[in-house]
Amino acid sequence: MKTKGIDVSKWQGEVDFNKVRAEGYEFVIINAGFGRYISQKDRYFETNYKNARAAGLKVGAYWYSYAVNSADAKKEAETFLAAVEGKQFEYPLAYDIEDSTQSGLSGKVIGDMINAFCGHLESKGYYAAIYSYASFLKSKVPAACRSKYDVWVANFDVAKPDYPYEYGMWQYTSKGKVSGVSGSCDCDYAYKDYPAIMKAQGLNGFSRAKTVLDKTGYKKGDNTIGSLALKQLLLAAYHKKLITIKVDNNGVVGSGTEQAVNYLLEKWGYQPNSIAGEGFIKKLGAEIY
């Protein structure tokens, strides 16, 4: 898969994200700020986030680093999360490591900084990525970091990035002309279904998607010997005080039975899909007996 997006910061000023979306772009990665202090939050971040959401675009964010050691990198990560607190992101939160003050650092120091920043993001339930130019990623970022974290590689105006390793996003130009953006902006391709990843794994402010216990089984409207047996189990569960819903003593799966089934599914941590199949019956039986 390949999805089109852009990334923006204060340098683009006010962006008309409705026009951006109308041109076929599906996501935007927004600069949230730089450095160790919350006063360095990008002054357009809140507006960009709000307007991109209103336009129906999926959103990610990045934080520009000028840290030169792991302690400062962790402080930057903490400030980044303070800047984005309370928001949801379908795309990664990226560590932008490219500053000239970092070019003379050793690979070990760079690796320690990446692990401090991205590790802190992951410990707080966020999907972390590394952003930098292809040359920096190849020469400065340790292989262990390139494989541990997702990579957003910048390599402009070429057929493909000069980067022989795995990457999830490619910033392919800094001279993009996009309706709704004044002047030039960065344009990107994403090669993973990031929204699905965030929602399935419960990352970036999303709750983890609950699994389905049974896809087939007894459901509302059924009236068989089997559904009668199911209701006998539910009656036994009621008498053992496992549920507070008392179902009728017949084979009809009605609203009360459906309510009891969904109550137990939620209690067990499953998606309440109103279906009581083999897994449900075995699990309920184990609790009763």
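The views below show a predicted model.

**View 1. Tyr 189 belongs to a cluster of aromatic residues.** Ring pairs join Tyr 189 with Tyr 163, Tyr 165, Tyr 167, Trp 170, Tyr 172 and Tyr 191.

**View 2. Phe 45 and Tyr 49 form an aromatic pair within helix α2.** Across the whole structure, a search finds 21 aromatic pairs. In the pair of Phe 45 and Tyr 49, the rings are 6.2 Å apart from centre to centre, with 40 degrees between the planes, and the pair is tilted. Helix α2 covers residues 45–54, and the two residues lie four apart in it, about one turn of the helix. Phe 45 and Tyr 49 are both buried.

**View 3. Trp 63 and Phe 80 form a stacked pair.** The ring centres of Trp 63 and Phe 80 are 5.4 Å apart and the planes stand at 25 degrees, so the pair counts as stacked. Trp 63 comes from strand β3 (residues 58–64) and Phe 80 from helix α3 (residues 70–84), so the pair ties together parts that are 17 residues apart in sequence. Both Trp 63 and Phe 80 are buried.

**View 4. Asp 72 is a buried residue of helix α3.** The relative accessible area of Asp 72 is 15%; buried means under 20%, so Asp 72 falls in that class. With its neighbours within four places in sequence left aside, Asp 72 is in contact with Arg 36 and Ala 67.

**View 5. Helices α8 and α10 cross with a left-handed sense.** Helix α8 spans residues 225–239 and helix α10 spans residues 278–288; their axes come within 10 Å and cross at roughly 35 degrees. On the α8 side the contact involves Leu 230, Leu 233, Leu 234, Ala 236 and Ala 237. On the α10 side, Phe 280, Ile 281, Leu 284 and Ile 288 meet them. The residues of this contact divide into nine nonpolar, no polar and no charged.

Key: Residues numbered from 1 in each chain as written. Predicted model: local features only at pLDDT ≥ 70, side-chain atom pairs only at ≥ 80, totals over all residues. Heavy atoms only, no water. Axes fitted to C-alpha atoms, helices over the stretch in contact; angles between N-to-C directions. Left-handed = near helix turned anticlockwise from the far one by under 90°. Contact = heavy atoms within 4.5 Å. Nonpolar A, V, L, I, M, F, W, Y, C, P; charged D, E, K, R; others polar. Phe/Tyr/Trp six-rings, centres within 6.5 Å; stacked < 30°, edge-to-face > 60°. Buried < 20%, exposed > 50% of the residue type's maximum accessible area, 1.4 Å probe, protein only.
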